[in-house]
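Trainee: Could you take me through how helix contacts and ligand surroundings are read in a structure such as this?

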Amino acid sequence: MIKNICCIGAGYVGGPTMAVIAKKCPHIKVTVVDLNQDRIDAWNNEDLKKLPIYEPGLDEVVQEARGRNLFFSTEVDKAIEEAEMIFISVNTPTKTYGVGKGMAADLKYIELCARQIARVAKEDKIVVEKSTLPVRTAQAIKNILDHTGNGVNFQILSNPEFLAEGTAIEDLFEPDRVLIGGDTTPEGEKAIQQLVDVYANWVAKDNILTTNVWSSELSKLTANAFLAQRVSSINAMSELCEKTGADVNEVAKAIGMDSRIGPKFLKASVGFGGSCFQKDILNLVYIAKTYGLNEVADYWEQVIVMNDHQKRRFAKNIISTLYNTVSGKKIAFLGWAFKKDTNDTRESAAIYVADDLISEQAIISIFDPKVGKEQILLDLNYLETRSGEENNKYVQIESDPYKVAKDSHAIAVLTEWDEFKSYDWQKIYDSMLKPAFVFDGRNLLDKKELEKIGFIYQTIGS
Ligand code: NAD
Ligand code: UDX
């Protein structure tokens, strides 16, 4: 039975996943390691409000397990040496250079981990791919481990993570399924069973699915492609609804009641964001192209094309509605995170909408309950559309939603934070320039109430 686990990468996946394993398996010592000292310090912070990740319920889990059987450290070698099972949960961003630039997954962090494990390990280990990886990556990891290691035996398992941010803890407590892929040899099957036994501490056996490594790796990319495709499909319909007098919420409800379609992931929006969907689809497209499957590649790429269009047309609509110019006009942003209940902003639609509006010289005033100034400027500067100083000139970041609204021409809702619904919208209206516009990128607010107050309210898909 596994007694000692280590996880390399203390990010949005490694942190919550290992915290939950530690909570549910008090007999297993779980050590999460990372190169980033600040991140580890934040995980060890006494003040649970200062954990590096905001995720409902995470603080309680950390409080229970931290110091008991859950540890956060930068001593990567030591943790690798001690562990029988090593999860790799490092980032796998889209490549920004060289072959496959803008499309393929950058596997340099994965390779570094594999080389480090090979160098340090003196006893047999099970290495678990928790990061989302291109299909057949396990082969590359195995080659590195077998050729540069100390002659010890490694088993590579694929155990992709399906949690969504904002609901990570509930997703981890009650996963729809846990997927474990491994070699079909007796040693591979033994390793799979050892990981099954870890999850079986709290997940019903029927919900733990075992497959070969390649099916497991590819299933993760497939799941994200299917989910993102649903969002792009409903977003495509939202534009058609706007032209035809149909209402996308009604359409979504009507089709979602068909049990073959189902009601989830049919919310039209300003476009999907997050660190996974775009990256993983691009990765899938790249793999398909590598095998010469151009139709397969084009089919999935269209999901991204539609998403880019959705973000862009939201910004365009603001400009054309505000009499074709936003130059010098203050536009208030409610929300910056890519969805509610997270402080993560990676690929958030808000970044792209802000960027387009700044190009038209709008002044963007931003409030997000969990995202601060430094992150917002980093996100805008990362696009390299203009200099940091210039971004700074056009962006105001406030910690009070009523301040962002004051003297603005329009409010744009970019994230569906619950608290936005209970604001004093009369007070907001009174403080704005008239006519006062609301562009609701999340179909969040009450149209009737806002129109009664006097707002000109526009939403997605109606
Ligand atoms: P993240 O950027 O939040 O965390 C990755 C961490 O790994 C960083 O803290 C980084 O410092 C650390 N790291 C990188 N190289 C390292 C090394 N050699 N040694 C030690 N630490 C190292 O990323 P994330 O969002 O947690 O994603 C991790 C993986 O999980 C990705 O492959 C992603 O696709 C996948 N995934 C993410 C989600 C999600 O919702 N974020 C969900 C499922 C799967
Ligand atoms: C996603 C997958 O859901 C998860 O299983 C995987 O492990 C990681 O990638 P995440 O990116 O955290 O999770 O959030 P998700 O809830 O999938 O939302 C992604 C984006 O799609 C968000 O910007 C969200 O606002 C948007 N979205 C989602 C919609 O616009 N409409 C919907 O109906 C659902």
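Predicted model: local features only at pLDDT ≥ 70, side-chain atom pairs only at ≥ 80, totals over all residues.

Trainee: At roughly what angle do the axes of α6 and α9 cross?

Mentor: The axes of α6 (residues 137–148) and α9 come within 9 Å and cross at roughly 125 degrees.

Trainee: How do the axes of α9 and α10 cross?

Mentor: Helix α9 (residues 213–244) and helix α10 (residues 248–256) have axes that come within 9 Å and cross at roughly 135 degrees, which makes α9 oblique to α10. The crossing of these two helices, α9 and α10, is right-handed. On the α9 side the contact is made by Ile 234, Met 237, Ser 238 and Cys 241, and on the α10 side by Val 248, Val 251 and Ala 252; by class, the contact of α9 with α10 has six nonpolar, one polar and no charged residues.

Trainee: Which residues are the closest to ligand 2?

Mentor: Of the 20 residues that surround ligand 2, the closest are Phe 162, Leu 163, Lys 220, Ser 269 and Arg 442. For Lys 220, an N or O atom in the side chain is 2.7 Å from an oxygen atom of ligand 2. Backbone N or O atoms also lie by ligand oxygen atoms, at 3.2 Å for Glu 161 and at 3.3 Å for Leu 266.

Conventions. Residues numbered from 1 in each chain as written. Chains lettered and ligands numbered in written order. Heavy atoms only, no water. Axes fitted to C-alpha atoms, helices over the stretch in contact; angles between N-to-C directions. Helix = DSSP H or I, 4+ residues; strand = E, 2+ residues; numbered from the N terminus. Parallel < 35°, antiparallel > 145°, perpendicular 65-115°, else oblique. Left-handed = near helix turned anticlockwise from the far one by under 90°. Contact = heavy atoms within 4.5 Å. Nonpolar A, V, L, I, M, F, W, Y, C, P; charged D, E, K, R; others polar. Near = heavy atom within 4 Å. Polar contact = N/O pair within 3.5 Å; in protein donor to acceptor, adjacent residues only side chain to side chain.
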